[in-house]
Amino acid sequence: PGGSAATTQAAAAAQTTQSNNAAQTTAQQQEQAATTAAQQQQQHEAATTVAAVQEAGAAESQVTTAQAAADSTTAAQQQEQQQATTAAVAETTAAGGAASEGQ
């Protein structure tokens, strides 16, 4: 009887250890799954951020190109206007000179 009680006790202890180990394994697996999910989420967010930065860079370069084109157009217009003004002044001066010569 004494021996059988000890055997029963040992079996119960072994059963408890097994249960504890199983619970610990499950907890570790859940933790691992949560960690993996968090890492995947971070990777996804990082990729999204990189894409957004690249997109913003492309948009910025388009704006820069458009601005450069606008600047060169403005410069050309200013140059044209300057030439026209210079020509008009020259014409006026020549006309004035001719008028004074005619007097």
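Colleague: What percentage of the 103 residues in the chain do buried residues make up?

Modeller: This is a predicted model, in which local features need pLDDT of at least 70, side-chain atom pairs count only at pLDDT 80 or more, and totals for chains, interfaces and linings use all residues. Residues are numbered from 1 along each chain as its sequence is written, and side-chain values use heavy atoms, with hydrogens and water left out. Buried means under 20% relative accessible area, exposed over 50%, and partly exposed in between (1.4 Å probe, protein chains only). Of the 103 residues in the chain, the buried share is 0%.

Colleague: How many helices and strands are there in the chain?

Modeller: Helices (H or I, at least four residues) and strands (E, at least two) are DSSP runs, numbered from the N terminus. Helix α1 covers residues 2-102 and includes Ala14; Ala23 is also found in helix α1. The chain has 1 helix and 0 strands.

Colleague: Is Ala14 buried, partly exposed or exposed?

Modeller: Ala14 lies in helix α1. Its relative accessibility is 42%, so Ala14 counts as partly exposed.

Colleague: What distance separates the C-alpha atoms of Ala23 and Thr73?

Modeller: The C-alpha atoms of the chain fill a box of roughly 150 × 10 × 5 Å, taken along the principal axes. Ala23 and Thr73 are 50 residues apart along the chain, and their C-alpha atoms are separated by 74 Å.
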